[in-house]
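Subject: Structure handover

Hello,

Here is the structure I promised you. Please open it before you read on, and keep it on screen while you go through my notes.

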Amino acid sequence: MLTCEEALERMSQALDGPLPLEERQALEEHLESCPECRAAYEALFQVPGGL
């Protein structure tokens, strides 16, 4: 599982373009278990209500 730091790095990479499938899946798994990173993801990508 990703650390919060790794998850934030993946989010930054995702702003530049699609992530490879394996990295995207790892990020999604982390977001499911980490409310802080999920909130950061939603703020970055303006995704109301989750993934």
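What radius of gyration would a compact globule of 51 residues have, and what does the protein chain have? The rule for a compact globule gives a value near 10 Å. The protein chain has 10 Å, so the two agree. Keep in mind that this is a predicted model.

**Overall layout**

The protein chain holds 3 helices and 0 strands. Read from the N terminus, the order is α-α-α. The C-alpha trace spans about 25 × 20 × 15 Å along its principal axes. Of the 51 residues, 25% are buried. Now look at contacts with a separation of 6 or more: 45% of them join residues 24 or more positions apart.

**Helix H1**

H1 covers residues 4–16. Its 13 residues should span 18 Å at 1.5 Å a residue, and its end C-alpha atoms are 19 Å apart, which agrees. Which residues of H1 are buried? They are Ala 7, Arg 10, Met 11 and Ala 14. These residues cover an arc of only 105 degrees around the axis, so they sit on the same side of H1. An α-helix has 3.6 residues a turn, so residues three or four places apart point the same way.

The buried residues of H1 pack against H2 and H3. On the other side of H1, Glu 5 and Asp 16 are exposed.

Take Glu 5 first. Its relative accessibility is 67%, over the 50% cut-off, so Glu 5 counts as exposed. Glu 5 and Cys 37 are 32 residues apart in sequence, yet their C-alpha atoms are 9.3 Å apart in space.

Now Arg 10, also in H1. Is Arg 10 buried or exposed? Its relative accessible area is 19%. Buried means under 20%, so Arg 10 counts as buried. Leaving aside neighbours within four places in sequence, Arg 10 is in contact with Leu 2, Leu 19, Glu 23 and Leu 27.

Met 11 has its own list. With neighbours within four places again left out, Met 11 is in contact with Leu 27, Leu 31, Cys 37, Ala 40, Tyr 41, Leu 44 and Phe 45.

**Helix H2**

H2 runs over residues 21–33. It has 13 residues and reaches 19 Å from first C-alpha to last, close to the 18 Å expected. Leu 27, His 30 and Leu 31 are buried in H2. Seen down the axis, the buried residues of H2 fall within an arc of 100 degrees, so they line one face of the helix. H1 and H3 are among what covers them. On the other side of H2, Leu 21, Glu 22 and Glu 32 are exposed.

His 30 deserves a close look. Its relative accessible area is 4%, so His 30 is buried. What does the side chain of His 30 reach? It reaches the backbone oxygen of Leu 2, at 2.9 Å. Beyond its neighbours within four places in sequence, His 30 is in contact with Met 1, Leu 2, Thr 3, Cys 4, Ala 7 and Cys 37.

Cys 34 lies in the loop between H2 and H3. Its relative accessibility is 7%, so Cys 34 counts as buried. Cys 34 and Cys 4 are 30 residues apart in sequence. In space, their C-alpha atoms are 8.1 Å apart.

**The nonpolar core**

Which residues make up the largest nonpolar core? There are 10 in all: Leu 2, Ala 7, Met 11, Ala 14, Leu 19, Leu 27, Leu 31, Cys 34, Cys 37 and Tyr 41. H1, H2 and H3 (35–45) each give two or more residues to this core. The largest share, 3 residues, comes from H1. Here is the wider background. In soluble globular proteins, nonpolar side chains tend to be buried together.

**Where to start**

Find His 30 and follow its side chain to the backbone oxygen of Leu 2. Then go to Met 11 and pick out its contacts, including Leu 27 and Tyr 41.

Best wishes

How values were computed
Residues numbered from 1 in each chain as written. Predicted model: local features only at pLDDT ≥ 70, side-chain atom pairs only at ≥ 80, totals over all residues. Heavy atoms only, no water. Helix = DSSP H or I, 4+ residues; strand = E, 2+ residues; numbered from the N terminus. Buried < 20%, exposed > 50% of the residue type's maximum accessible area, 1.4 Å probe, protein only. Polar contact = N/O pair within 3.5 Å; in protein donor to acceptor, adjacent residues only side chain to side chain. Contact = heavy atoms within 4.5 Å. Core = buried A, V, L, I, M, F, W, Y, C linked by side-chain atoms within 4.5 Å. Expected span 1.5 Å × (residues − 1). Arc of directions from axis to C-beta. Rg over C-alpha atoms; globule rule 2.2 N^0.38 Å.
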